[in-house]
Amino acid sequence: MRQLSRLKTHLAALTIALLAGSYLVLAQAPAGGQGRGPGGPPQPMSFFITSMPKGDGANYGGLAGADAHCQQLGTAAGRGAPVVWHAYMSTQGAGAVNARDRIGNGPWYNANGQMVGRGVAQIHGDDINDARLGVAFGKQLSLTEKKGIVNGVGDMPNQHDILTGSQPDGRAYTDGMDHTCNNWTSNNMGTAQLGHSDKQGGGNGSWNSAHPSRGCSQDNLVSTGGAGLLYCFAVN
């Protein structure tokens with residue numbers, strides 16, 4: 001009888017401990033229920049490559065027109081005002097603008113919520129360690145606003161050439177040559193400096209400054225390996 005009584009006492013104590021532990025686990029469970037990973041909900045899109053060009057070669061009507069194209073596509077994807085979108089593009093000459101100075105501070109996330117860059121200095125390799133590690137941009141991360149993958153080396157047609165007009169550090173050219181198709185207002189004058197969205201090809205995988213285009217028309221951009229697409233960054 002005494003053994004039975006002691007056994008009942010142990011069972012009761014064990015039951016109380018289990019119930020207390022279960023309560024503690026429930027009390028500490030995060031709010032929001034299922035569907036959230038350990039890092040919380042995905043970050044909203046703050047970077048994309050345009051899924052379509054304007055169609056007039058490098059003539060976007062200047063920076064304002066390029067920004068408007070980014071804004072239009074970002075809005076259509078559900079990321080419109082108050083989000084402000086800017087095209088990653090430099091201009092030259094009097095009042096030259098550096099692409100790196102017009103894209104906000106970061107970090108930036110693609111349409112799947114994956115981080116593609118922490119900040120301006122990091123994506124341009126300003127620090128020697130950042131330069132050594134490289135950037136996260138590339139075919140699988142540099143997505144369109146529709147979560148699409150931009151055709152790259154080996155695809156038909158290859159469309160990895162992105163209009164930037166920029167040097168590798170994200171700044172404007174100062175050598176007197178036209179690297180921006182007359183500051184993005186021409187489809188028949190000058191050339192456009194291009195980046196590779198897949199970071200591959202031609203011995204230069206720079207995402208923002210791989211090589212110049214053959215010209216500024218839509219046909220010139222296509223024949224070089226692009227379509228007149230833009231990098232778009234949320235600046236706020």
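The points below take up the aromatic pairs and then the strand pairing.

1. Please keep in mind throughout that this is a predicted model. Within it, a search of the whole structure finds 11 aromatic pairs, and two of these pairs are described in the points that follow.

2. The rings of Phe47 and Phe137 have centres 5.1 Å apart and planes at 50°, so this pair is tilted. Because Phe47 belongs to strand β1 (residues 47–49) whereas Phe137 sits in the loop between α4 (128–133) and β5 (161–163), the pair ties together parts that are 90 residues apart in sequence. Both Phe47 and Phe137 are buried.

3. Trp108 and Phe233 make an edge-to-face pair, at 5.2 Å centre to centre and with 85° between the planes. Here Trp108 comes from strand β3 (residues 108–109) and Phe233 from strand β8 (residues 226–234), so the pair joins parts that are 125 residues apart in sequence. Trp108 and Phe233 are both buried.

4. The residues of these two pairs also belong to one aromatic cluster, which is formed by Phe47, Tyr88, Trp108, Phe137, Trp207, Tyr231 and Phe233.

5. Turning to the strands, β6 (residues 193–196) points Gln193 and Gly195 one way and Leu194 and His196 the other way, yet all are buried. β6 pairs with β5 in the antiparallel sense over 3 bridges, and Gly195 in β6 is the bridge partner of Ile162. β6 also pairs with strand β7 (residues 211–212), again in the antiparallel sense, over 2 bridges, with His211 in β7 as the bridge partner of Leu194.

Conventions. Residues are numbered from 1 along each chain as its sequence is written. This is a predicted model: local features need pLDDT of at least 70, side-chain atom pairs count only at pLDDT 80 or more; totals for chains, interfaces and linings use all residues. Side-chain values use heavy atoms; hydrogens and water are left out. Rings of Phe, Tyr and Trp (its six-membered ring) pair if their centres lie within 6.5 Å; planes under 30 degrees apart count as stacked, over 60 as edge-to-face and the rest as tilted. Helices (H or I, at least four residues) and strands (E, at least two) are DSSP runs, numbered from the N terminus. Buried means under 20% relative accessible area, exposed over 50%, partly exposed in between (1.4 Å probe, protein chains only). Two strands pair if DSSP finds at least two bridges between them.
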